[in-house]
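Here are a few exercises to work through with the structure open beside you. Try each one yourself before reading the solution.

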Amino acid sequence: MHMLHKHTHSVETTTSEVFEHEPLVVCFDPTGYEYGNNQCVASLMYGGVKNKVETLPGLSHLSIPNTALINDRRKFDNHLPIMMIACRSSWYAQLKDKQLERELVALNAKKSGIYVFWLVAPNTTRKLYYTLTVYDRHYLNSRSVVRTVRNYTHFQNPSDFLPHEDDYLVLRDSEVVEFLNFDRANSKLSGKHVKPSIPMEVIIYENPSKDPVRHCSQKELQEALQHVQELYFKESLPQIKGALKYSARGKLSIKRKPHSKTSTEAKLKSILSE
């Protein structure tokens with residue numbers, strides 16, 4: 001209930017229904033992150049195996065059914081809400097001595113910066129796994145991990161769980177800069193100004209040995225990123241009465257209505273489910 005009402009309307013947050021072993025591409029924009037503040041990158045509603053109602057988490061006893069959902073959101077009564085969280089932190093957060101951590105952060109935080117990513121959900125009766133892969137736009141560089149979804153009732157401050165757990169992905173500042181440099185180089189070559197972001201592929205599954213994990217092809221990733229960039233751009237525009245049309249040069253003319261957020265997300269999901 002909280003996730004659907006609080007985190008599904010933000011321009012910076014990807015919202016999507018996801019299914020077992022089906023990849024989803026989200027975009028991470030590292031600008032504006034403040035040290036120690038968690039931000040929701042994606043709000044996901046996990047629905048088990050696609051087109052198999054009996055595998056819905058609320059029906060398969062993976063999780064408790066949701067309550068207090070109204071109108072069109074009642075279709076998520078038996079889905080499992082999952083959030084992808086990112087936080088700007090420091091390597092010193094891995095120290096068990098927290099007093100030493102605070103002293104070192106105060107002295108040298110800017111030279112030890114990291115970004116921590118993890119998935120969190122309400123308590124489940126069985127482990128829920130995910131593969132998180134970070135790409136540059138040309139598939140020349142990537143990082144990938146297999147982890148389990150964390151329990152939302154546990155501490156969500158990286159300083160609290162980094163010394164004791166491993167269910168997260170860490171990117172150093174230098175790696176983030178490297179991934180973004182590929183993105184900026186491609187933007188300059190194409191002559192198009194796009195929102196700086198890092199493509200991240202998320203695949204969720206209950207049984208890691210049951211089916212092979214299918215990653216997005218390079219074409220699928222590029223098409224998905226294009227749609228996501230269009231969504232970010234259109235949602236960030238001020239609301240203007242009347243119908244708008246974007247010309248090839250980026251100028252506006254009053255001819256037809258722009259695509260809605262729903263239609264853009266539907267296109268994104270159709271590309272990734274092919």
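Predicted model: local features only at pLDDT ≥ 70, side-chain atom pairs only at ≥ 80, totals over all residues.

**Exercise 1.** Work out whether S5 is enclosed or open to the outside, and which strands pair with it.

*Solution.* Step one is to count: 9 of the 9 residues of S5 are buried, so the rest of the structure largely encloses this strand.

Step two is to check both faces. In general, side chains in a regular strand alternate between the two faces of the sheet. From S5, Gly 113, Tyr 115, Phe 117, Leu 119 and Ala 121 point one way. Ile 114, Val 116, Trp 118 and Val 120 point the other way, and both groups are buried.

Step three is to go through the partners:

- S4 pairs with S5 in the antiparallel sense over 8 bridges, and Ser 90 has Gly 113 of S5 as its bridge partner.
- S9 is joined to S5 by 4 bridges, again antiparallel; here Tyr 115 is partnered by Leu 171.
- S8 (residues 150–151) is joined to S5 by 2 bridges and runs parallel to it, with Ala 121 opposite Asn 151.

**Exercise 2.** Find the residues with the most contacts inside the largest nonpolar core, and see which elements build it.

*Solution.* This core has 46 residues, and the ones with the most contacts inside it are Ile 82, Met 84, Phe 117 and Ile 204.

Then ask where the residues come from. Elements that each supply at least two include S2, S3, S4, S6, helix H4 (173–190) and strand S10 (198–205). S5 (113–121) gives the largest share, 8 residues.

Leaving out neighbours within four places in sequence, Ile 204 is in contact with residues including Val 18, Leu 44, Ile 82, Leu 119 and Tyr 130.

**Exercise 3.** Decide whether Asn 66 is buried or exposed, and find what its side chain reaches.

*Solution.* First, locate it: Asn 66 is in the loop between strand S3 (38–46) and strand S4 (80–90).

Now apply the cut-off. Buried means under 20% relative accessible area. Asn 66 has 18%, so it counts as buried.

Then follow the side chain. It reaches the backbone oxygen of Phe 76 at 2.8 Å. A polar atom of the Asn 66 side chain also lies 2.9 Å from the backbone oxygen of His 79. Not counting residues up to four places away in sequence, Asn 66 touches Met 45, Phe 76, Asp 77, His 79 and Pro 81.

**Exercise 4.** Step back and say how many helices and strands the chain has, and what percentage of its residues count as buried.

*Solution.* Count the elements: there are 6 helices and 12 strands. For burial, 45% of the 274 residues qualify.

Technical notes
Residues numbered from 1 in each chain as written. Heavy atoms only, no water. Buried < 20%, exposed > 50% of the residue type's maximum accessible area, 1.4 Å probe, protein only. Polar contact = N/O pair within 3.5 Å; in protein donor to acceptor, adjacent residues only side chain to side chain. Contact = heavy atoms within 4.5 Å. Core = buried A, V, L, I, M, F, W, Y, C linked by side-chain atoms within 4.5 Å. Pairing = 2+ DSSP bridges.
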